[in-house]
Structures are given as structure tokens and as C-alpha cells.
Amino acid sequence: MDPSLRSHYLADNPPTVVQLEIAPHFAALSPKQKRYAHHLSRASFLGTRVTLAQVSPESAIIYDLILALHRACSGDYEKLSNATSVPSSDITLWLEYSAQFLGNCGNYKGFGDSKFIPRLQPETLEKLCMVNDECKKLHDTAMKTGGGIYESKDVALMHFGYPEAGHMTTYYPDSPTITKEEISTVGDVLEEKKLLIENTRLRKLDSGDFELLIASGIQNPPAAERDLGDVSTIDLPGKLSGKKLHLVFGDYLNEMAKIAVEIKKARKEAANDTEEKMLNEYARSFGTGSIQGFVESQRYWIKNKKPVVETDLGFVETYRDPHGVRGEWEGFVAMVNQERTRAFGKLVDAAPSMIPKLPWGKEFEKDKFLSPDFTSLEVLSFAGSGIPAGINIPNYDFIRQNEGFKNVSLGNVLSAKAPKEPIPFIRKEDDELYRRYRDGAFEVQVGIHELLGHGCGKLLQETAPGEYNFDVENPPTSPVSKQPVTSWYKPGQTWSSVFGSIASSYEECRAECVAMAISCDFELLEIFGFGNGKGDMSNEAGDVLYVAYLQMARAGVAALEYWDPKARKWGQIHMQARFAILRTFMEAGGNFCEIKAPNGDVSNPNDLEIFLDRSKILSHGRPAVEDLLQKLHIYKATADFDAGKKLYDDITSVDEWWAEKARPIVLNKKTPRKVFVQANTVLDAETGEVKLFEYEPTLQGMVQSYFERDV
């Protein structure tokens, strides 16, 4: 790899370490609620090794090495320096890598999906690991396993993607010859059998047969506990005719068994019957591998309204599977912030009057908005490859469309502050205003994105053979083509199965567009405490709206960090979506949004600055976003994959100027993402008392928190 290119894969120097503050909210819980939170936190973090295994073959070993070096010096890294004669500056480089590794739960960025490697030299790490036999053995293993700690010669392997393209993925383990077509064929067979596959991996055997690896705490669950009963082998069709798919239980065996046990302990502390039933289904799913058990847990989860302690865990998001169908392990436990939640309650109340303002007719919208719980949470624990600012789940459209969903905004994630630093691409004339309102603007964006963005819209479906959720004899007219629709979802098809690898990013773009469109409604801004509900761009509400659009444009520029020019693919779905919206801003006309260069030479810029005309947000910005949103929504609603893919490929394409002129500037100005030091809870088995332990927001504090978490 070219040395200048390799430098972009080095660990952040330093990473931005912040504390996830929770003590006052945890202290307000009753002893029973604290025990409930403790066991669910344990269950969530017991999946750490599952997430590590889903990132890369070497991640679990690097994790053990980080903890072993901490153990070797009892957390006193000066002692480690003295024992190994490794300078403290090099040990700091190791700690920087360790903190970023733990914050991303692996050696690939949780936000960006590209590998990062330590800045200290390989021989220095080897010398450091000579401190004892355990560290030396782990070091030697970590250097050889998978891509190894330092391996960076193969650029393709530095990014997630399909094995046939040479990219890293462990969702298709030990399967270098498996093809995208084969993955699709197996997926189609399982879709026909109505087996959801979020909790699976797929392995291709030397014989040409395949194994579906199902996460479960037992290896041979009874047929009555299996989603396909006594079926253990499935004949494959088409080009795979003569080959078989074998169902193999016990993937992540030890971890899933421990998680199920912890869930059962939490069940004893449940607040109500609904929570007990939810936890029963979690335990069934994680113990036996039944994904239907997880589906049922989500049904109970949305019925558990306004709990004091909120949680959800499992194989939830499918972002990192290159095929977009298999989920990564994550879990969170949080306390409700009642004051902030009241504002979100008002947003839920306003939703039915806001949805008709979106650019499609009632035929493409649910008959009734299913008012969800929308709470602001203070996070105690969030296990996984990163912590989002907001969540809208469950991701199953058949639940979301007909039964409901929940939205959460993660308050202490939004409010966690890093030291003041320059904000790239924001003009100095906008800097003060941007800093003042960026948190408020982002909370508005997250709120609309999660509630209305992911919560609105109807999929036109043939729900069963000959049965439809729309008038198939007089199908609705598409506002895009002005003709009656001719496509819809067939029985067994889902949004993700039809749109495949682009589904996640496409949906994030749709939700972000909803946020950009609806945030222009001044009555909504008043709900969040900005302005008086009048459409006046000169008041505080106008400031927030301007910063919201500016923030989205800045995210679109920064998104270029996550574009891989060699593979010509995006490595982060949210950033791909934000680049699409930036392009839409720039194509809105009237010089609404422009990217300029301080040296005046856009063809050869020395820097980039965003010029966004505040006075044209309503006249140019919003209509342009709504035009894109309408197309995104209608193509999704009607299962029109071909039109949707063409649209999305076009609007997220990166031309020569973006790739060769703008991207190097973005890479040089990139700022480290925050990694969060989270608290631990410890249960006294004799008294039943749970104590909270918080850690300093430092490199050492990050490592210590994981060392004491003991997972």
C-alpha cells in the first residue's frame, strides 16, 4: 500500500474519549430496578465476543491482548514501561489504539467499516508483549490470525464487503469462494420458507454444500423449539441444484448460553407481566436460536409502554453484512429522562398532522399512525460497535406497519462533549452560530428522523396469495410517474429482501430527507422550544433550521472519508445518505448551496467551505429535498428496486472532483469520532445491592472499564 494511503488507516492520535454520564439517573432507581438494569447490562456486554467475531477473525485475540497487558501491569502503565524499556510515548500509542478498538468493539471502525492499525511500530509492540508469557502468546497469535493487527498491504481487505471482491467479512466465514449470487440464492430459499436470518451466518463448504450457522446457546434444540421444526437439510435450486443447505445450531455457543442465563435472572426483577413475557422470548431466542422468539420479544417490547428502565438487545442492525440481511449483536440499557421525554411526547401528538405534509398521498401511508413510545434515554450500557444518537425499532416492517414501534433519543450521547476543536468546512462567519445551535438542531433532526422518518409510510403488499393491503383492481397513482403502480411486495418478500445491500442506506436517506423537510415546519420547531411557531427565518427557530441544514451539508462533505475510491463503494450507510442530500442541496438551483475554496480555485482547492443561503431554505432547499424524498418513498412503497437503485446510485455517485480534489482535503481534516467510557455495575449476591462504578474519560479509564467488566 502507498505510504500516504496507509496513513489514513492509522489509529486516531488521540481518539476523542468522553464519559457517558449516568450516576444521578441510576441512583434514582429502586433496588429492584437496579438489579434489572444490572442483569440486562451483563446480558448485553456478554455479547461483546459475538460482536468481535462478527468484525474480523483477529478481533477477539486483540481484545484479549489489550486486557492481558492491562493485567500484566495492574493498570499502571508506567510500571509496564519500566519493565519492558518501552518509552511511555509508545505505550500511549498502544493505549490510543486500545481505546479506539474497545470503542468500536473490533479493529474496524464501527462507523465507516474500515480497518485501523496501531501507530507504534510492530517491533515495539512485540517488545511490549515480552512482559509475560500470556502477552507474548496472544501477540504472536494476533499477528497471524485473519488479517493480523498490522496487515495493510491488501487495500480491499481493509474494508468490509463481499469475499469475492477480496473484502473482509466474517458473516460468511471460511468461505473465500462464496459469491453474491450464491448468498442471494440461499436467501431466496429461506425467504420462501419464511425463515428470518438476522441471527445467522453462512458458510460454503469445500463440497459446494452450505451451512447456515444459527446463534444459539445449545447445539441441538428440540424440533419444537426450531423455527423450521425437524428440518435440518434443505435442497438448493437453480445453479446450486444438487447442493444442500445444512442448518447448524450453536454459533457463538458459550456467549449465547451465558446471555440466556442472565436474561432469566433479569426476568425475576421484571416490573410487569409484559416485561416477563418479553424476557421469556429473549431467553428462548438466544438459547435455542429461534429468530421467531426474537420477533415475539419485539412485539412485547413495543407493548411495554414507558418503562423506567428501557432495554433492547439481539441481532438488530444489518448495516455491516455486505448483503444487508444479517444482524450484528448489540444491546442497551437506559433510564428514561422524564423532562426531555415530555417534548418528544408533544412531537408524537403532532405526528398525525405532520405526516399529510409529506410529498405523497394517503394511498402510500398507513391508514392510522401507530403512536409509539418516544422517550429520551440516559444510557447506562450500550454494547456493540458504536452508540447511535437515536433509535427506531423494531426493524421488522410487518411489525412496524401493523403493530407499532418505539423511538428513543439517547440524551447523554447527544450531550457528551469533547474538548473544543475547529469544525471543518464551516465558515468563520457561521462558526459561533453553528456551535450555539448544533446540539438543538441535531436533537430536532434525530427526533423527526426516528419518529416520522422511519415511522411513516406504507408498503403495498400482497400479504397472502390473492390478498392485498390496497385495491389491486384500482391501484393508486404514483406521484412520480403519474401512472397507476404496477409493482408491489409479493408474499414472503420484505423491504430488506427486495432492496438487499442498498436497503439500509436507502432507508436512512429517506428518513433524513423526512427530517430535512419537516424541520422546516415552525410549529414543530416550537415543540422543541425554538421560536413561536411562526414562519420567521430571522428568529431563533430560523437559526436552528439554518444550522440543521448547514449541519447536514457539512456531514455530506465529511462523508467522503467513508468513500473507498479503489473499490468505488461507500463504507458507511448514514454518510452515503448524507452525501446524497448534500448533492440534492447543491442541485437545488439558485446558488442555494455551494462548496467554495478559500483560495478561489475550486478546480484545485486548498480547503473547502460551505456557503448555504439561509433565505432560500424554504424556497429551494425544502422543495429539492421533497422531490428526492418522494421518489425514494414511492420506489420503496411499491417494491420498485430497479428504479430505486438507479436513483440512489446516481445521487450517491462520486465523480472525479469529489474523489480527487475534495476527498484528500476531507481526509486531512477528519476529526476523531467520540468513544464512550461507560460505567459498570456490580451486584452483591448476599445483599442484592447493585453498585455503580464510573471511570475517568481517559485512555486508561476506557481500558479499565472493559477489564473490570469481565466479559
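Residues are numbered from 1 along each chain as its sequence is written, and side-chain values use heavy atoms, leaving out hydrogens and water. Because the model is predicted, local features need pLDDT of at least 70 and side-chain atom pairs count only at pLDDT 80 or more, while totals for chains, interfaces and linings use all residues.

**View 1. Two domains.** Domain 1 covers 180-254 and domain 2 covers 424-669; such bounds come from an automatic or database domain assignment. Taken over C-alpha atoms, the centres of domain 1 and domain 2 are 37 Å apart.

**View 2. The largest cavity.** A cavity is a set of points, on a 1 Å grid over the protein atoms alone, where a 1.4 Å probe fits but cannot get out; lining residues have an atom within 4 Å of a point. The model has four cavities of 30 Å³ or more, and the largest holds about 90 Å³, a volume being the space filled by probe spheres set on the points. Look for its 14 lining residues, of which Leu195, Ile214, Asp227, Phe249 and Gly289 lie nearest the centre. Strand E3 (210-215) and strand E5 (244-251) each give two or more residues to this lining; strands are DSSP runs of at least two residues (E), helices of at least four (H or I), numbered from the N terminus.

View 3. Serine 519 sits in the loop between helix H19 (503-518) and helix H20 (522-527). Why does serine 519 count as buried? Its relative accessibility is 3%, and buried means under 20% relative accessible area with a 1.4 Å probe, protein chains only. Leaving aside residues up to four places away in sequence, serine 519 touches Val444, Ile448, Leu525, Leu545 and Tyr549, where contact means heavy atoms within 4.5 Å.

Conventions:
1 Å grid on protein atoms, 1.4 Å probe; cavity = no way out; pocket = protein on both sides within 12 Å on 5 of 7 lines; lining within 4 Å. Buried < 20%, exposed > 50% of the residue type's maximum accessible area, 1.4 Å probe, protein only.
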